[in-house]
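Here is a short briefing to read alongside the model. Please keep the sequence and the 3D view open as you go.

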Amino acid sequence: MPQPAPSFDLLPGAAESPVLLHVPHSARAIPDDVRAGILLDDAALRLELDHITDAHTARIAERAAGLASITPWRFVNRLSRLVVDPERFPDEREEMLAVGMGAVYTRTTHREELRPADADPGPLVERYFRPYARAMTEAVAGRLAATGRAVVIDVHSYPSQALPYELHGTGPRPPVCVGTDPFHTPPELSEAARSAFAGCGETGLDSPFSGTYVPLEYYGRDRRVSALMVEIRRDTYMTEPGGPAGPGLERLAAALAALVDGVRPHGPMPRG
């Protein structure tokens with residue numbers, strides 16, 4: 001079987017930038033052969049994509065990259081997370097398996113059937129998940145080789161009202177949520193995010209979503225790799241669900257650019 005075209009893009013930034021803006025959930029595209037394995041009819045699938053897609057986050061990252069004084073690198077998923085979710089663990093470590101949302105989803109945001117429960121995730125994991133993971137690992141390695149460090153900033157969004165799939169949806173839902181990791185997020189990085197997004201409303205920490213994305217080769221092992229997740233509440237920049245972007249997008253892009261500019265281009269970020 002011929003290999004598929006890459007389902008992601010690595011968009012180069014400045015050689016001296018350690019920052020990698022990661023945009024994993026902004027796309028809606030689903031290849032025809034993958035669509036054939038999804039049980040929803042077309043109307044239900046469009047609605048599910050409205051709910052599950054982090055709409056316009058690729059635009060926010062693109063605009064932020066253009067505004068930053070030192071252009072960050074960008075790694076952008078071009079396929080929907082309904083194909084595979086590159087940010088899930090591909091095994092039993094993934095807590096979202098409890099709601100049918102491991103690396104390959106079998107349930108929707110409203111806990112309805114998306115794929116048969118006994119669907120084999122293996123082919124999609126091999127075709128899409130593992131090449132994506134390898135490419136992200138190589139992108140981080142490239143920043144380490146060039147600058148001695150890598151700073152992965154995940155760009156996400158989330159709905160203003162909790163959806164049934166959320167395991168931790170009862171906590172605060174601020175305009176901006178900063179997700180952290182105890183190993184990979186130095187206090188200076190989370191504080192830089194709070195400062196950068198201060199003009200966008202309240203910035204909360206690890207609610208309703210927590211954690212960061214770091215390639216498994218570095219996860220919990222290499223402190224030269226810092227990481228932070230930025231979760232933007234969708235009603236601050238778009239019409240929910242799945243509607244057009246509004247003027248808030250530009251304000252959020254400028255804040256993300258300020259965060260990028262807050263990361264020094266050389267040397268390790270000091271630890272707390």
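The notes below go from the overall fold to a few local spots.

This is a predicted model, in which local features need pLDDT of at least 70 and side-chain atom pairs count only at pLDDT 80 or more, while totals for chains, interfaces and linings use all residues. Residues are numbered from 1 along each chain as its sequence is written, and side-chain values use heavy atoms, with hydrogens and water left out.

**Overall fold**

- The protein has six helices and seven strands, with helices (H or I, at least four residues) and strands (E, at least two) taken as DSSP runs numbered from the N terminus.
- Starting at the N terminus, the order of elements is β-β-α-α-α-β-α-β-β-α-β-β-α.
- The radius of gyration is 18 Å, close to the 19 Å that the globule rule gives for 272 residues, so the protein is as compact as a globular protein of that length; the radius is taken over C-alpha atoms, and the rule is 2.2 Å times the number of residues to the power 0.38.
- Along the principal axes, the C-alpha atoms fill a box of roughly 50 × 40 × 30 Å.

**Burial and contacts**

- Of the 272 residues, 54% are buried (under 20% relative accessible area, with exposed over 50% and partly exposed in between; 1.4 Å probe, protein chains only).
- Among contacts (heavy atoms within 4.5 Å) with a separation of 6 or more, 79% are between residues 24 or more positions apart.

**Around R173**

- R173 sits in the loop between β4 (150-158) and β5 (176-179), and its relative accessibility of 15% makes it count as buried.
- Beyond neighbours within four places in sequence, R173 is in contact with Y158, P159, S160, Q161, A162, E166, P208 and R233.
- The side chain of R173 reaches the backbone oxygen of P159 at 2.9 Å.
- R173 and E231 are 58 residues apart along the chain, and their C-alpha atoms are separated by 9.8 Å.

**Backbone geometry to check**

- Most residues other than glycine have a negative phi, and most peptide bonds are trans.
- S207 and P208 are joined by a cis peptide bond with omega of about 10°; P208 is in the loop between β6 (203-205) and β7 (225-233).
- D206 is found in the loop between β6 and β7 too, has a positive phi near 60°, and is partly exposed at 27% relative accessible area.
- Another cis peptide bond joins E240 and P241, with omega about -20°, and P241 is placed in the loop between β7 and α6 (248-261).
- H56, in the loop between α2 (42-52) and α3 (57-67), is not a glycine but has a positive phi of about 70°.

Terms used. A polar contact is a pair of N or O atoms within 3.5 Å; within protein, one must be able to donate a hydrogen and the other to accept it, and residues adjacent in sequence count only if both atoms are side-chain atoms.
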